[in-house]
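The entries follow in the order in which I looked things up.

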Amino acid sequence: YSTATGLQVFNGSAWTNVGGATYATISGGASTALGTAIGGTAYNVHTFTADANLVVTTAGLAEVLLIGGGGGAGYAENASAGGAGGGGVLDMTSVLTIYLAAGTVAIDVGAGGAGGAVSPAFGTNGSESAIGSFLSVSGGGFSSGNGRNGGNGASGGGNRNSADNSQKGLTVQASVGNNAGDAGTTNNSAGGGGGAGGAGGNANSGANTGGAGGNGIDISGFIGGATYYAGAGGGGGGSSGGGSAGNGGVAGKSTGNGNNGVNYGAGGGGSHNNFAGGAGAAGAVFVRVKV
């Protein structure tokens, strides 16, 4: 953060004054876009879609964006399964700038959660994404297909058949995600998973349709290029129709195995009547430096 004496950064244990530090020189990443124009400024953008090392040859500043893995949806055990929660997106509310010392920094990319494949399996939570040991964001919550709690996570996973709606998954960090939608009161519809850009939709018990998946967040302002939504929740299952897809997410279904998340950090979609839940998509880590 900025102070009267200059820029200070937190290294995990203490604040360090780095004064007029310039941008770092770095290498690494599955994909590197050099000299990308974003908002009138040229950046080198390093994309990590799997665990790897970031090598810092010249210490300095870097701007970062982390996306956790999406949650997996549960098995629809004689009923409807909720949509899973999207992975957290840190940080698109303001550009997050860190200071990187010379050396090697481990980058961990959160895996997507598995969908429940057999009765009465839940899905599993997505994994967190991290830069070293000092910065991380949580994965999305799993969903339930048998009336039990949806999982808490960066965004919560949906459940079904909860008369007081107390069993939906909740966000563990409201700045990076949102709650799941309400499940309704029948076995034939389930709530949508929360997304980084909005809460999951409520199931419609009267129409037996699932809740919509929560919207993801457009990250194109950080990485450049076309609109791209990350961290969306999955749509909930329903006997008469699955919940619609949020921005960057997948819809729920009324039959067949649930849809797998595709975009970074997207939660899996739920289905109905003894079908497997959709798996969550892996997250990503982006590191960019001005050039």
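I began with a bridge: the partner of A37 in β6 is A42. I am working from a predicted model, and I kept that in mind for every entry below.

I then looked at the two strands around that bridge, and found that β5 (residues 31-38) and β6 run antiparallel and are joined by six bridges. Their hairpin has two residues between the strands, and G39 there takes a positive phi near 60°.

Next I asked what else β6 is paired with, and found strand β16 (residues 284-290), which runs antiparallel to β6 and is joined to it by six bridges. Within this pairing I noted T47, whose bridge partner in β16 is F286.

Is β6 (residues 41-48) largely enclosed or largely open? Six of its eight residues are buried, so I recorded the strand as largely enclosed by the rest of the structure.

I moved on to strand β7 (residues 52-58), which is joined by three bridges to β4 (residues 25-27) in an antiparallel arrangement, with T25 standing opposite T58. Five bridges also join β7 to β11 (residues 103-108), again antiparallel, and here V56 stands opposite G103.

Finally I looked up T93, which lies in the loop between β9 (89-90) and β10 (96-100). The C-alpha atoms of T93 and S175 are separated by 8.6 Å, although the two residues are 82 residues apart along the chain.

How values were computed
Residues numbered from 1 in each chain as written. Predicted model: local features only at pLDDT ≥ 70, side-chain atom pairs only at ≥ 80, totals over all residues. Heavy atoms only, no water. Buried < 20%, exposed > 50% of the residue type's maximum accessible area, 1.4 Å probe, protein only. Helix = DSSP H or I, 4+ residues; strand = E, 2+ residues; numbered from the N terminus. Pairing = 2+ DSSP bridges.
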